[in-house]
Amino acid sequence: MASVEGFAAVFYSEPGVLGLLGNVVSAFLLCLQNFTTATTGLGPRAAEQVLAGVHLILIGGFVQLLAGFLAFRKYDHLGGAAFLTFSALWSSFGITRVLSATYPTPENTTLPFGNSSQLPATGTALPSSSQSAVAGLVAYIAISFILSFCSATVNYIMPFIFGAIALALSFEAVALFGEWALVVSAVLELGIVLCGLYGAVALLLKGITQRYVLPGFGHPLFNVLLLGSAQKSSSKALGEEKKKNTKYAEPMALGNICDTASPFIFAFYFFGYVKNFCVGAAWISIISSCQLLSSFYSYLRGDGYHTTKFGVHGLLWLVMSWEEFVLSTFLGLPAAQDSRLGMFGAWFFLATSCLLFVLSTHKDTLEMLQNASFILLTSAFIHQIPLAGARPFLGAACSLCTALSLYASFASLINSIGEKVLIPVGPQAVSSSALQAVLGAVRTCLWKSRDVPSGTSAAVPDALFYICNGLAAAAAVQGSVGDPGRQQLSIPAVLIPGALGQLFVCRLQVRGGKRFGSVLPFCYAAFWGAWTWLRLAGHLLDITAGNAEGFTAGSVAFLVLNAFLILLASSFNLVLLCLTLVMELLTVCFLLFTLEKLPLPFETSLANCVFGKDLLLMGPPLLTVQSSKKDGEDPLPCVCPKSHLTSGLRTIAELLNTGAVCGVPTDTVYALAASCRHPEAIEKVYRIKDRPQEKPICIFISNLEQLRAASPPISPLLWEFMENVYPGGIGCIIRKGEWLKKLGVGAGYSRVGTQDSIMIRVPDLTVLVHLIDMTGPLAITSANPSGEVDSTHHDMVISRLGHKLEGVLCDGESDEVVASTVVNCTKIDE
């Protein structure tokens, strides 16, 4: 039976083969087109452009998208960031080809206000799509050079591939203005093909044979540690301490890369180098989709801050890009000035950016500077600023965001590869404990009590849920009635966070398995989608309040559904209850609008963002769900202390020292632990698991120095092997002997291992190492009934075996989903 969480990273093959082949085929296609154009002097026809664009999207885009997914799951920081970045590049290049074939002439078209009969007809000419793409190409040139340098710390094939991509993009940008560069670009793309094919074959052979047959991988051009040394200062200098998570690669580099490309494209536009944002909107839409993926992988790693940050940034770029597309393509700058004055959605982006800045004060200096630059950007994005003054300010703010994000991309990728701080990012401004104390003081002032009411805890996606509703509601506020230009400009600001953003939150909620699940964001996504198409876009689609019978029926149905959501929200917290009540009021207004009974617009904004758990109080539930258990009855079957508390470790250590069996976390999956000094406890482990007696149990020690002190008969070769793999998820089987008693095994000598051998492991988990220091060597086996899947969360241990155990040390989700790898070292010298 497979675990619902998927396979461990070690079970995945080499996704780099797919990623490199995606680059190979895409580069080969461009190479052929460039050579043909250079030799014949004739550019590709419209049909050829469309076919080339579709191939780039399908092969360079979707194939590398899959490779990026698998690379993140394989804990490959470089591969995950690079393949998803180039997936966005080739997809954007393909979109540009399709648009250049559809809109070939550089004429501008302005959409007058009115209904659908005044929309541009199919084939209406827009500014040159190819030349409008130069901003995106320049952005990816810088990003490709960074990826090339970073990949040199991993192997010596990818630097040449990524470097050739950067140079090819440079000449592709030049070729937009002079055809002589097509030949140089084609030669470089041929180099991408040759190097990429070699790399793909080398990785494929490595995946098949499980060893490096061809050179190029396994040995970098230079060691990443040569870039610097790990800072050995306090946690105040390093920022917030991160819990190791080897399930998924770190997505921070990908999110920062997206924050590099998007503002750079905007800077070109705001400084006047690009007159129309049609192509820019397409490029930024693809880049923002990648940023939402970085938010998704941050959520999978349990990183609430980056989940919220990258989600908000992705929504910001999408809203800005499509608003500028509507403004530049349909309305025109002069006509839009008055319409923008009554739009208030940008104020909520500014408030959210300020909140992210405050919450980043306990992180590194670079993170604070990035958030400060976004405060400037969202300030310039406020619609009440006249366009003449706002556009240069926006261009400067986007340039600052680009510079900071480019450095952050380099630093986060190198630091992720080296798994330590090699590129300086600056110290903390405020310690984590100080920030929590401030938030706790705010909570105390609001509630006059230091006790947190029950039902107030927040989960990771909750912040995005409130932000999406707040953004949609703030954007729905209209300063006056009957302005079609304002309605058109408001469509992206309401539809993207209200519908698309909440569908993304819906996906996170499904993954999290919360009690509300995906019901709340899905229902509200449908509501904001209907609101957008009737209230804001109805005049374009010939739908008015007089012929909106379907919307009337839908609003009545939503009123009934939301009444049940109000009842459920009352058992959660006060903020959620207020949100559902306001949505009910909005639905009433929407119903009256469809019946033409609402004389004036009545939009209400709601904004709330929750970061962390129980730091910003959300209020108590008004209704409580009565438990079926009797008063005074312990709801847990055993003692379940928290691992981050010293008292919790002492509680479990005392139980183990008295002969109890407890569930403990390890660096792989949860395990059952018994003291080696109590053979009866080890016997109990067999009974708890229904484990066959012929299956031996291994022992865990805290460090190799303990093993050296016991003087086991271990050869120098085996010592060298252990020094390389410990601490870690490798279990070494070695010869058994009396030296085990010196190690502290004691009376349990005959009950661990076999008659001749014993498996020893040094775990890579600080909590478990401290516990072993308190108890001595522990007999360990996985915490699951024999024959069933491993336990990857303390809740699984409690529900499956809690009634048979004396205690479970609660440490949340485990870092892996399968147990350790066993290596027989008894004949290592042979």
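**Figure 1. Overview of the chain.** The protein chain holds 28 helices and eight strands. Helices (H or I, at least four residues) and strands (E, at least two) are DSSP runs, numbered from the N terminus. This is a predicted model, in which local features need pLDDT of at least 70, side-chain atom pairs count only at pLDDT 80 or more, and totals for chains, interfaces and linings use all residues. Residues are numbered from 1 along each chain as its sequence is written, and side-chain values use heavy atoms, with hydrogens and water left out. Of the 830 residues, 56% count as buried. Buried means under 20% relative accessible area, exposed over 50%, and partly exposed in between (1.4 Å probe, protein chains only). Among contacts (heavy atoms within 4.5 Å) with a separation of 6 or more, 76% link residues 24 or more positions apart.

Figure 2. Beyond its neighbours within four places in sequence, Met320 contacts Phe266, Phe270, Leu377, Phe381 and Leu394. In soluble globular proteins, nonpolar side chains tend to be buried together.

Figure 3. H3 (residues 77-102) has 26 residues. From first C-alpha to last, H3 reaches 38 Å, close to the 38 Å expected at 1.5 Å a residue. That expected span is 1.5 Å times one less than the number of residues. Of the 26 residues in H3, 23 are buried. Asp76 caps the N-terminal end, with a side-chain oxygen 3.4 Å from the backbone nitrogen of Leu78. A polar contact is a pair of N or O atoms within 3.5 Å; within protein, one must be able to donate a hydrogen and the other to accept it, and residues adjacent in sequence count only if both atoms are side-chain atoms.

**Figure 4. Ser328 in helix H11.** Ser328 sits in H11 (residues 304-331). Ser328 counts as buried because its relative accessibility is 7%. Its side chain reaches the backbone nitrogen of Phe277 at 3.2 Å.

**Figure 5. Strand S4 and its two partners.** Strands pair if DSSP finds at least two bridges between them. S4 (residues 730-735) runs parallel to S8 (residues 821-824), joined by four bridges. Cys732 stands opposite Val823 in S8. S4 also runs antiparallel to S5 (residues 757-761), again through four bridges. Here Arg735 has Ser757 in S5 as its bridge partner.

Figure 6. Thr37 belongs to helix H1 (residues 16-40). Thr37 is buried, at 10% relative accessibility. Not counting residues up to four places away in sequence, Thr37 touches Leu42, Gly43, Pro44 and Leu182. Ile566 belongs to helix H20 (residues 549-569). Ile566 is also buried, at 17%. Its C-alpha lies 8.5 Å from that of Leu576, 10 residues apart along the chain. Outside four places in sequence, Ile566 contacts Leu577, Thr580, Leu581 and Glu584.

**Figure 7. Two cysteines.** A disulfide is a pair of cysteine sulfur atoms within 2.5 Å. The count by this rule is zero. Cys195 is partly exposed, at 30% relative accessibility. Cys468 is buried, at 1%.
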